[in-house]
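I set out to look up the ligand contacts and the packing of helices. The entries follow in the order in which I made them.

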Amino acid sequence: MKDELYQSIEWRDGGLYIIDQTQLPAEELIIQLETAEQVWEAIRQLKVRGAPAIGITGAYGLYLGIRDFEEGSYESFIQESRRLADYLNSSRPTAVNLSWALNHILEKISGQDGSTSLSNLKKLILHTAIAIHDEDRQLCKQIGENGRELVPDGANILTHCNTGGLATGQYGTAFSVIFHAHLQGKVEQVWVDETRPLLQGARLTTWEFQKASVPHSLIVDSAAGFLMSRGKVDMIVTGADRIAKNGDTANKIGTYTLSVLAKEHGIPFYIAAPYSTLDMNIDNGSQIEIELRDEEEVLAFNHQPSTPSGTKAYNPAFDITPHQNISAIITEKGIIYPEFEKNIRERFSVAEV
Ligand code: MRU
């Protein structure tokens with residue numbers, strides 16, 4: 001059984017390469033991103049997607065945007081880096097990992113001596129981006145190793161959206177928990193929600209489970225409640241795009257619905273995420289900006305129009321799962337149970353979050 005998983009972002013020979021996720025599963029197309037503008041577009045168009053993955057890509061994007069900056073002082077370099085970080089951060093609003101990664105780099109360079117050369121500042125940005133990327137791989141592996149103890153033998157697990165190596169540096173979040181439980185022979189079946197409208201479950205999660213030889217079946221999103229009512233789901237685990245101080249969690253649209261159904265049926269509902277997804281600057285989920293995407297994504301099915309022309313649509317990309325509906329949050333530092341605010345603080349030092 002393979003215990004290494006797919007990596008969708010690569011920094012090699014001075015260049016940033018990603019798999020274009022909009023083309024999967026039909027084509028495994030690797031593209032190079034050469035400018036900050038291309039990184040912005042790739043994130044916006046979901047060529048690269050998933051909270052940790054957009055943080056990693058955004059970090060490399062900052063380096064790509066600043067690497068040709070030649071003229072100017074330390075102050076103007078910092079100013080230009082801030083401008084680029086704001087620009088990259090404007091590509092998608094909900095996942096905090098993007099602003100976390102960009103701010104992390106800004107803090108590093110702002111802490112330097114004003115006489116540091118531009119070339120050393122650029123090196124520092126690149127090294128920080130590579131470190132964020134490397135760290136995410138390790139955190140995701142650890143999340144899987146920590147979370148697998150929650151998986152009972154012969155488990156039927158339901159998951160939503162895509163949370164694997166495509167969405168992270170490697171291993172994934174919820175995906176990593178399932179994968180590591182699978183390595184122990186505990187997984188009977190994974191129910192993969194197709195995840196309308198962009199089909200991250202149908203197109204991407206099935207592709208990753210297939211590569212990792214994890215037994216799975218695709219279901220339409222609206223079948224989840226029926227499966228739960230028939231006792232076919234032992235646990236639910238999803239990823240997260242932003243977790244507020246009190247544990248309220250933003251994740252792909254439909255996650256909230258699953259959490260309510262899980263509560264009704266007495267099924268444990270877990271969130272898996274690294275510390276870069278925690279936002280300790282906000283008290284609760286009402287403060288999380290929810291990305292509204294183009295109505296065309298809903299008016300078509302897999303790019304084929306599925307409605308009479310002139311139909312209107314409303315397309316929020318994420319929803320908020322209240323902390324009361326979450327049984328535990330699985331992190332690299334262990335499994336965190338309610339009361340989340342107190343227990344997150346205790347597990348992570350203030351400096352980390
Ligand atoms: O719009 P997407 O595809 O970027 O949404 C991704 C999700 O909602 C994932 O569940 C989340 O980012 C966690 S990924 C490890």
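Which kind of atom of Arg92 lies 2.8 Å from an oxygen atom of the ligand? I find that it is a polar side-chain atom of Arg92. I note that the model is a predicted one.

**Entry: ligand surroundings**

I next listed the residues around the ligand, of which there are 18. Those that come nearest are Arg49, Arg92, Gln200, Asn251 and Lys252. For Arg49, I recorded a polar side-chain atom 2.4 Å from an oxygen atom of the ligand. For Ala51, the atom in question is a backbone N or O atom, and it lies 2.9 Å from an oxygen atom of the ligand.

**Entry: helix 1 and helix 3**

I then turned to helix packing. Two packed helices are described by the angle between their axes and the distance between the axes. I looked up helix 1, residues 36–44, against helix 3, residues 74–89. Their axes come within 9 Å and cross at roughly 25 degrees. Angles under 35 degrees count as roughly parallel, so helix 1 is roughly parallel to helix 3. I noted the crossing of helix 1 and helix 3 as right-handed. Helix 1 contributes Ala36, Glu37, Val39 and Trp40 to the contact, and helix 3 contributes Leu84, Tyr87 and Leu88.

**Entry: helix 3 and helix 5**

I followed helix 3 to helix 5, where the axes come within 10 Å and cross at roughly 30 degrees. That angle makes helix 3 roughly parallel to helix 5. The crossing of helix 3 and helix 5 is right-handed. On helix 3 I listed Tyr74, Phe77 and Ser81, and on helix 5 Leu118, Leu121, Lys122 and Ile125. I divided the residues of the contact of helix 3 with helix 5 into five nonpolar, one polar and one charged.

**Entry: helix 4 and helix 5**

How do the axes of helix 4 and helix 5 cross, and at roughly what angle? I found that helix 4 (residues 96–110) and helix 5 (residues 118–147) have axes that come within 10 Å and cross at roughly 140 degrees. Helix 4 is therefore oblique to helix 5. I noted a right-handed crossing for helix 4 and helix 5. From helix 4, Trp100, Ala101, His104, Ile105, Lys108 and Ile109 meet Leu121, Leu124, Ile125, Thr128, Ile132 and Glu135 of helix 5. I counted eight nonpolar, two polar and two charged residues in the contact of helix 4 with helix 5.

Notes. Residues are numbered from 1 along each chain as its sequence is written. This is a predicted model: local features need pLDDT of at least 70, side-chain atom pairs count only at pLDDT 80 or more; totals for chains, interfaces and linings use all residues. Side-chain values use heavy atoms; hydrogens and water are left out. Axes are lines fitted to C-alpha atoms, for helices over the stretch in contact, and angles run from 0 to 180 degrees between N-to-C directions. Helices (H or I, at least four residues) and strands (E, at least two) are DSSP runs, numbered from the N terminus. Angles under 35 degrees count as roughly parallel, over 145 as roughly antiparallel, 65 to 115 as roughly perpendicular and the rest as oblique. A crossing is left-handed if the near helix is turned anticlockwise from the far one by less than a right angle, and right-handed if clockwise. Contact means heavy atoms within 4.5 Å. A residue is near a molecule or strand if one of its heavy atoms lies within 4 Å of it. A polar contact is a pair of N or O atoms within 3.5 Å; within protein, one must be able to donate a hydrogen and the other to accept it, and residues adjacent in sequence count only if both atoms are side-chain atoms. Ala, Val, Leu, Ile, Met, Phe, Trp, Tyr, Cys and Pro count as nonpolar, Asp, Glu, Lys and Arg as charged, and the others, Gly among them, as polar.
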